[in-house]
Structures are given as C-alpha cells and as structure tokens.
Amino acid sequence: MVLADRTTQDDALTTKVAAVATSILLVEDDDACADFVLDAFADAPGMGRVTRVARLQDALHQLATIAVDVVLLDLTLPDAFDLLGVNAIRNAAPEVALVVLTGSLDAALSARVTAAGADDYLQKGDLDANLLVRSISYARDRRACMYDANEETPKLEPDGSDSPDASLDVDTMMAAVAAAALPKFAAWCAVQIRSEHDNLVHRAQVGQPPVESVRVEQIEQVMESGIPSPRGTTTLVVPLVIRGRVRGTLQLGRTDDAPRFLDEDLELATELARRAALMFESARLYNASQATIAHRAVFRFITSQELRKPLSRLQIQIDRMQRTVQTTKDTIGPVRQAMTRLKVLATKLSQITAGNVVVDAGEMDLAELAVEVVHRHRGELKEDSTVGLRLHVTTRAVGIWDRLLLENLMTSLLDHADKYGGSKSIEVSVVTEADIATLSVRDHGAGIHARDLARIFDRFELHVSRQIVEAHGGAIDVESELGKGSSVTVRLPCRPPGPRPASDATA
C-alpha cells in the first residue's frame, strides 16, 4: 500500500513538473549553494532546461536574449544585494515568475521580498523536489493572474513628490524662506549660506533688487561680526546663525519710496532668520542620517560578502548530515567549533567595517596557518576542477598577529585568485626576512586592467583584507598584467611596533 501511494505521488509530481516550466534561470554565485539547488532539480524529472549565472548583469543579459519562464534569484550577489536584484529582474521582465532564494528568512524579509515583486521565496536549506515544484507552479500561476500581456503594466513605484528629500533640500528651503518675506515685508529678498566646510555658497533670491543695493563689504561685515546692518535704510542684512556660528545672511530690500527698515522690522527679520537657520540645521541632520543609513547598508553588504560563503557551506553540510546519517559527536564537534569561530569572526568584521579594529594578537606561525588554509581550500575545490594550488614555504614565519583575522585574509585572497584565475594554477608563498613576513598569492588568469587596479580595494573586492593588514601595521599591494595574471603581496611586521625611544620622543 505504501509503495502504491509513493508511486502515485511520483507520477503526480512528474505530471505536474512537465507543466511547470521549460526554461529556468538560476542566479546564484556560490557554487556550493548552486549545487544544492541543482540536486533538488535532479530529483524533479521533466523540470526543463536550467541555465545558471553568477551575476545580476549576466541574468539581465539572459532575460534579454532567451525565453525564460522562471527566475530563481539569490538575494546577495557580487553586483547586487538586498532587493536590488529583485527590482532589476522585475523591471526587466515583469511577465516572468520570480522565486527568491535566501539562506535565512524571517517575516519582515518575506514581506519586503513580496512587496518588491517576488512571487514566492524559498529557504535554501529546506529545498527538495516537491517543494521546488510547488513553489515554481505557484509563482507561475500568481504571475499569470497579475500580469496581462495585452495591457501595459502599471507603474507601482512612487513618483517622489512626497519624499522628505524634496522638502529638506537646501536650495528648495532657501527659495521658500526668500519668498516668505514678500510682498508685505519687503520688495525683494535674498538668502545665502555657506556649506559646512566653507567651500560652497548656496544662494536664492526672490524679487529683483536694484543694482548694488547691498554692497559686498556690508555682507562680509555682517558675516564677521554677527551684527545686523544699521537700520534707517531701504536694505537690511541679518546674520543666519547655526550652532553658534554665522553661516550666512538674510538680505531684505524695499523700493526707494517705501518706508525705511526700523527696529520693529529688525525683530521680524531676525525671527525669520532664526527659523531659516533651524530649517537648514534640520536639513543637515537629515542628510547626515541618510549618510549613516547608507553606511550601514554598505557595512551589512561587506559583512554578508565575507561570511556568506563559509556559512552557507556549513549550513548545507549540517543539513545533509542530519538528513542522511546518524550524526555523531566526533562529526558534529568540529563543525560546531567552526560555527563558533565564524561568530567571533563576524564580530571582528563588524568592528573593522565600523572603523574600530580590535586585534587579539598572539604568537603564531604564518607558514603553519598557510598550510592549513591551503589544505582546506583544496578540499573545497570540485573533483573535476583543473585549478592547481601550490604552496611554497621554506621555514617558519613566527610573529605576533591575530590568527583568526589572518585566516580570513588568506581565505579571501584565495577566493579572489579563484575568481580571476580562469581555472589556472594558483601559487601561495610565505617568506620571512628582517622581521617582515611576506605572504604572496599569485594567479595566472587574464589579469586586471590598470584602470581597475585602483578599485581593487573598494567595498566589493579586497576592502576588508586591506583593513586587516593595516590593523597589523602592514601593507598590501596588487600587481597585474593583462594575459599573465595577478599577484597580491602582504607584508606584516613580525612584532607590533613598540614605544618610541626617549631620544626620539624629545627630538
């Protein structure tokens, strides 16, 4: 009876799969995660053609050149993170079903994913053939209901008219302040304010003042003294004071036949200048908060890039062990220890990205660590991989360093060599000379163009690696020649710099 039920379920699955999709685009840059998804495809016969790409740019090219029924999209890619990929895929192919793949999913993330246009979402560790078929079938049905190929897809993005950026733009506020004084209080009004570092002057004007109605010397005098210009004339200049500092002026003017500015007019002008200063300060604080939010997003991206691959591999290994074998303490112990070390590393990386590097230094052998990291990296290569990994170590390289940070540094350099090496050999060497340990990782790939070398240490490449090296008082350099490969060289002092001699301190 059980066998009959199982046969019936398999037949139903095969029938359903045949109607699900003929062309599937898998967008996943991590080889281990991609293999895990492809294993689930292998258990679902009749799924159709599966094309795998590693970058969002390649996925958009595929969508523009071939017919795709379903896109399976990883949320974090080398050229896109968070919802950038979802938005780009949805804009490029609004009629294609989109299923998001993520390592961990909570209620808040699922709501954001579906709101951005995804039809369904799956957690990588929970994938199996039945779940994959159900998700793809549901996504296609949902997309067919939502999208009508004969009608233009409505634009769902906000037009930005109610965005707070518009009301807190400095130039917009200055024009509003200048207009507030007209026409009952003055015939014309001008506002000027200097930027935080006095390198840019913003100016707005409403109404047309007579030629040379306010002399430059008069404005500069108000800026320097913080005292309004004398009353009894048809012009009035009031300082704009922000955080105790004069940052600009409010200039008012009347026609020659109008009453002169008196003391009571000065009170009103001063109140207008005070409120304008508050508005400008609000704009500064808002812009600063937006910069902080952007920095936080960059920090999250850098941290996820550094931890995503090892955590995904560990999670997949744990899931497979739990499903296929009776896990023993001897097997799970090293994995748990690795997870603990990765948690510590995550804390260190967050400190590095925030600019607060904490180095837990102790005596260690850099050559011994290189042997360990290279051996582990060889084990992670696929069986059919043509990459040759050679290690050159002639002697010990003992120094005072943070072992966990240097292990992450070596792993990142090997991943970088794999990325640009073109499946050719990679050479790793460790030498010590004059209390300086030198680590070199060289590949023989296509090389990096000279114009791109300046960006090799930005947030998407070796940014964290440079921070680790500099935290140890070392230096990192990259040399590359097109067609001949690239070489990354790290030089680390074996001992941390000590206190300066007394003679130097008094010199």
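**Entry 1: S465**

I started with S465 and found its place in helix 15, residues 463-471. For helices I went by DSSP runs of H or I, at least four residues, and for strands by runs of E, at least two, numbered from the N terminus. S465 is buried, with a relative accessible area of 2%. My cut-offs, with a 1.4 Å probe and protein chains only: buried is under 20% relative accessible area, exposed is over 50%, and partly exposed is in between. Leaving aside its neighbours within four places in sequence, S465 is in contact with L409, S412 and I476. Contact here means heavy atoms within 4.5 Å.

**Note on the model**

This is a predicted model, where local features need pLDDT of at least 70 and side-chain atom pairs count only at pLDDT 80 or more, while totals for chains, interfaces and linings use all residues. Residues are numbered from 1 along each chain as its sequence is written, and side-chain values use heavy atoms, with hydrogens and water left out.

**Entry 2: the whole protein**

I counted up the elements: the protein has 16 helices and 16 strands. Of its 507 residues, 41% are buried. Among contacts with a separation of 6 or more, 68% are between residues 24 or more positions apart.

**Entry 3: L38**

Next I went to L38, which is in helix 2, residues 31-42. L38 is partly exposed, at a relative accessible area of 32%. Setting aside neighbours within four places in sequence, I found L38 in contact with L26 and V50. L26 is 12 residues from L38 along the chain, and their C-alpha atoms are separated by 9.1 Å.

**Entry 4: helix 9**

Which residues of helix 9 (residues 216-225) are buried? I got Q218, I219, V222 and M223. They cover an arc of only 135° around the axis, so they sit on the same side of helix 9. The arc is taken from the directions from the helix axis to the C-beta atoms. V216, E217, Q221 and E224 are exposed on the other side. The buried residues of helix 9 pack against strand 6 (188-194), strand 8 (235-242) and strand 9 (245-253). G226 follows helix 9, and its phi is positive, near 75°.

**Entry 5: helices 3 and 4**

I checked how helix 3 (residues 56-65) packs with helix 4 (residues 84-92): the angle is about 15° and the axes are 10 Å apart. That makes helix 3 roughly parallel to helix 4. The contact is made by L56, A59, L60 and L63 of helix 3 and by L84, G85, A88, I89 and A92 of helix 4. The axes are lines fitted to C-alpha atoms, for helices over the stretch in contact, with angles from 0 to 180 degrees between N-to-C directions. Under 35 degrees counts as roughly parallel, over 145 as roughly antiparallel, 65 to 115 as roughly perpendicular and the rest as oblique.

Last, I looked at phi in a loop. Most residues other than glycine have a negative phi. A434 is not a glycine, yet its phi is positive, near 55°. A434 lies in the loop between strand 13 (426-433) and strand 14 (436-443), and counts as exposed at 70% relative accessibility. D435 is in the loop between strand 13 and strand 14, and has a positive phi of about 60° although it is not a glycine. D435 counts as exposed at 60% relative accessibility.
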